Amino acid sequence: MFLEKILSQGKKEQSVIESINRHIRLLCTACETFSTALKNRDANLMRNIIELEREGDFVRRNIISDIYQGAFLPYLRPELCRFVEIVDRVFDLLEDTALQYLDTEIPEQVKDECARVSFLNVRICEMLLITFDAMVKGDDLREKTLAIRIYEKKIDDIKFDLIRDIRKLPITNFWEGKILADFVSGLTTISDIIEDASDHLQIINVSMRA
Amino acid sequence: MKLEEFMTTKIKFVDADQSLYDAIEKMVDRRIRSLIVKFPGDTANYGVITARDIVFGVLAKGINPKDIKVSEIASKPIMCIDRNTKIYDASKLMEQSDIARVFVCEGDNIIGVVSLIDIMDASLIMRARGKHVS
């Protein structure tokens, strides 16, 4: 395939592709860790997110450095870097949300819905990885990006209910309320950024075909 | 892929003796297309009303929804399935029974609802995931 040829024409390119794949896999692991920790109320496991975010930073720096050391045609470099930066934003947000979790007690009334969102975050992340692999192979991304939009819409639907539900909860002080609101906001925004990442893959895909 | 992953857990209830207008208000406020109707008696005595029932059975006929009770247009019993049912099995059941939604039940409790649009979403995701379906 044409795209496969562009993306795997040299060792540097191959190395970048493998690293981006690893970066997204790492994000999937982080989302899964978050989901399991939330479900099992495991604060120690939740702390692992901080380590995973650091590892993600390390992989991101290597990818960007490899790209600007000459991998890929110049017009593709900023687009690939932009994609990697978007994935990195998800890592950052996931870490912030994990820290908020450690700083607050999630009320029983919203626990199940939060767990459901975190599970869907794992699924949407897996879908991003599938979409990236499909792009490398030169496959059509239309069905993959639609699946991501479906997941995002599902999370959005839950988000409105969660916001409605947390408004009803008694809050004893400002910080308790703020941290809980930030936690819900972070948890439900992860899918928005993953959707941005998938849209960007579509842009890269189209620009390589042009 | 199992139903659990795609079901909507936003289940709202209305008492059978409330007015249909109360039910409509709830559906509008919550942006939902159906409500579970609780009939008096044992806990598992449920029915369902849908936007379709309300529009075709009441509003389109010029009937005032404040004048009738939910119980008058509710369908009973509801169709319940297990959370581990596969998507295509649920879809087959809906086709055979000519219904647009099935309820996911655990004992006497309703824990979710799966509508045709959920089945469509699930099918599209399965296509996109290809061999990665779990």
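## Chain A: order of elements

From the N terminus on, chain A runs α-α-α-α-α-α-α. That is seven helices and zero strands. The model is predicted.

The C-alpha atoms of chain A fill a box of roughly 60 × 30 × 25 Å along the principal axes. A compact globule of 210 residues would have a radius of gyration near 17 Å, and chain A, at 18 Å, agrees with that. Buried residues account for 40% of the 210 residues in chain A. Take the contacts in chain A between residues at least 6 apart in sequence: 81% of them join residues at least 24 apart.

## Chain B: helix α2

Helix α2 of chain B spans residues 20–30, and its buried residues are B:Leu20, B:Ala23 and B:Ile24. Seen down the axis of α2(B), these residues fall within an arc of 100 degrees, so they line one face of the helix. An α-helix has 3.6 residues a turn, so residues three or four places apart point the same way.

What do the buried residues of α2(B) pack against? Their partners in chain B are β1 (13–15), β2 (34–38), β3 (46–50), α3 (51–57) and α4 (70–73). Just after α2(B), B:Arg31 takes a positive phi of about 50 degrees.

## Chain B: a hairpin

Strands β5 (residues 101–106) and β6 (residues 109–115) of chain B pair in the antiparallel sense, over six bridges. B:Phe103 stands opposite B:Val113 in β6(B). Two residues lie between the strands of this hairpin, and B:Gly107 has a positive phi near 65 degrees.

## Where the chains meet

Ten residues of chain A, written 10 in the count, are in contact with nine residues of chain B. The chain B side divides into three nonpolar, two polar and four charged residues.

Methods. Residues numbered from 1 in each chain as written. Chains lettered and ligands numbered in written order. Predicted model: local features only at pLDDT ≥ 70, side-chain atom pairs only at ≥ 80, totals over all residues. Contact = placed C-beta atoms within 7 Å. Nonpolar A, V, L, I, M, F, W, Y, C, P; charged D, E, K, R; others polar. Pairing = 2+ DSSP bridges. Helix = DSSP H or I, 4+ residues; strand = E, 2+ residues; numbered from the N terminus. Buried ≥ 20, exposed ≤ 12 C-beta atoms within 10 Å, placed from the backbone. Arc of directions from axis to C-beta. Rg over C-alpha atoms; globule rule 2.2 N^0.38 Å.
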